[in-house]
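Here is a friendly briefing to read with the model open beside you. Please take a look at the sequence and structure first.

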Amino acid sequence: MFAINAIHTLAFAGVVLFAGYAIRQRLGWLARLNIPAPVIGGLIVSLVMTIGHVRGRVPFAFDTTWRDPLMIAFFTSVGFGASLGLLRRGGPLVVLFLAASSVFTVLQNVLGVIVARLLGQPPLFGVLAGSVTLAGGPATGLAFAPFFEQAGVTGAETIAVAAAMAGIVSGGLIGGPVGTWLIERRVHRGTAATTTHASATVAQHVVESELPGTATPPRGEDREAYALMKATALLLLAMWVGAGISDWLTAQGVVLPRYIGAMLAAIVLRNIDELTGWLGISQAVIDDLGTVALAFFIVIALMTLKLWQLAGLALPLAALLVVQIVFVAVIAPPVIFRLMGRDYDAAVMASGFIGFMLGTTANAMANMEALTERYGVAPRAFLVVPMVGAFFIDVVNNVVITAFLNVYR
């Protein structure tokens with residue numbers, strides 16, 4: 001076995017990451033299903049490690065020192081996007097959509113607990129295959145996995161990745177057809193057309209455009225470098241303050257990942273800045289830093305994944321995921337369609353809802369783009385869904401998961 005230190009592991013993760021991008025570019029179906037490049041590259045290394053384990057010759061021993069800091073940095077960037085002012089500017093539809101999404105995250109876990117018990121599994125097994133990995137995605141699943149492992153869910157990391165991957169694929173495959181059915185069967189003829197124009201590409205960055213921030217550099221300083229330094233300093237500040245918050249909450253007997261404190265600190269800093277303008281936070285740069293941190297975190301986490309732990313849990317996990325996927329695909333669309341106004345935009349929102357409640361915001365955007373290319377633009381949908389799916393639901397979901405974890409630990 002060849003031991004790799006922390007810096008070498010990070011460098012190797014970079015190579016694996018861009019190998020994932022190259023593979024996704026060559027195999028178009030991976031891109032169409034919105035499988036993230038870090039997941040592709042990381043899983044390939046994990047498969048190699050699994051083959052080595054089976055043969056008794058594991059090739060590498062990775063140093064995961066960077067894993068947790070990268071994870072915390074990503075979720076801190078999510079916290080910076082949780083703007084109360086933005087929520088108000090989004091209007092009643094955003095609040096209503098967030099409320100519905102929050103209820104469904106709770107229901108995913110309630111359903112998971114019930115099915116897990118029927119299958120003879122621990123309740124937290126159902127929670128892990130519920131909102132942790134479906135509404136949360138692979139990053140949230142990997143972040144919470146150690147706590148589920150400590151609570152008795154064997155192979156939690158492997159379960160988390162398997163459930164998240166199943167959700168991403170399902171969210172990409174199901175959302176479009178369900179949205180098409182709603183448009184053609186439930187929307188009155190002619191309501192798909194609209195005189196309001198919206199770009200799907202612009203809509204994906206709605207939070208960044210609404211919260212641009214300012215990063216005016218001192219005279220003689222490079223603007224881009226100054227903005228990057230400021231965003232990095234703010235991210236690290238939130239992580240530092242958040243560590244103290246997490247330590248205090250842990251001392252009160254609350255079980256939670258260490259990034260929760262950093263996320264809370266980031267939310268406070270974001271909203272203070274909105275009131276005062278003192279910090280001049282650039283959400284675009286913060287998001288870029290978060291994207292980098294997320295990519296490297298997922299690659300490093302997957303490279304050390306123990307896929308062989310999934311063997312004995314494959315059938316219970318498959319059964320649980322089928323129930324969860326049917327629940328979101330069948331129950332959620334008519335509910336969201338009615339709540340959002342029973343019109344064309346509401347049908348597109350329902351399609352996007354399936355995307356991020358089973359997979360990721362990328363799934364949601366892909367589902368909606370496929371519908372709007374065929375039926376016409378849906379400006380309200382492209383305002384509401386990315387705002388909730390990319391930022392606010394992650395904050396709510398983390399609270400929900402922490403509550404279930406503390407109840408069933």
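This is a predicted model: local features need pLDDT of at least 70, side-chain atom pairs count only at pLDDT 80 or more; totals for chains, interfaces and linings use all residues.

Residues are numbered from 1 along each chain as its sequence is written, and side-chain values use heavy atoms, with hydrogens and water left out. Helices are DSSP runs (H or I, at least four residues), numbered from the N terminus.

**Salt bridges**

- A search of the whole structure finds five salt bridges, each defined as a side-chain nitrogen of Lys or Arg within 4 Å of a carboxyl oxygen of Asp or Glu.
- Arg-374 and Glu-184 form another salt bridge, their closest N and O atoms being 3.2 Å apart. Arg-374 belongs to helix α17 (residues 361-375) and Glu-184 to helix α9, so the pair links parts 190 residues apart in sequence.
- Arg-374 counts as exposed at 57% relative accessibility, whereas Glu-184 is partly exposed at 47%.
- Asp-343 and Arg-380 meet through their side chains in a salt bridge of 2.3 Å, N to O. Asp-343 lies in the loop between α15 and α16 (344-358) and Arg-380 in helix α18 (residues 379-408), so the two tie together parts that are 37 residues apart in sequence.
- Asp-343 is partly exposed at 22% relative accessibility, and Arg-380 is partly exposed at 29%.
- A network of salt bridges links Asp-343, Asp-345 and Arg-380.

**A buried arginine without a salt bridge**

- Arg-270 is found in helix α13 (residues 259-276).
- Although buried, Arg-270 has no salt bridge, and the nearest side chain of opposite charge, Asp-273, is 4.3 Å away. For charge, Lys and Arg count as positive and Asp and Glu as negative, while His and the chain ends are not counted.
- The Arg-270 side chain does make a polar contact with the side chain of Gln-283, at 2.7 Å. A polar contact is a pair of N or O atoms within 3.5 Å; within protein, one must be able to donate a hydrogen and the other to accept it, and residues adjacent in sequence count only if both atoms are side-chain atoms.

**A nonpolar surface patch**

- Leu-96, Val-322, Val-326, Val-330, Ile-331, Val-335 and Leu-339 form a nonpolar patch on the surface, with about 530 Å² of accessible area together.
- Such a patch joins nonpolar side chains (Val, Leu, Ile, Met, Phe, Trp, Tyr) within 5 Å, from residues with over 30% relative accessible area and no salt bridge. Areas come from the Shrake-Rupley method with a 1.4 Å probe.
- Helix α15 (residues 314-339) gives the most to the patch, with six residues.
- Leu-96 lies in helix α6 (residues 92-118) and is partly exposed, with a relative accessible area of 32%.

**Thr-154 in its loop**

- Thr-154 sits in the loop between α8 (137-150) and α9 (156-186), and counts as exposed at 52% relative accessibility.
- Its contacts (heavy atoms within 4.5 Å) are Glu-149, Ile-159 and Leu-313, not counting residues up to four places away in sequence.
- The C-alpha atoms of Thr-154 and Gln-309 are separated by 7.7 Å, with the two residues 155 apart along the chain.

Key:
Buried means under 20% relative accessible area, exposed over 50%, partly exposed in between (1.4 Å probe, protein chains only). Patches are made of residues with over 30% relative accessible area and no salt bridge: like charges are joined within 9 Å, nonpolar side chains (Val, Leu, Ile, Met, Phe, Trp, Tyr) within 5 Å.
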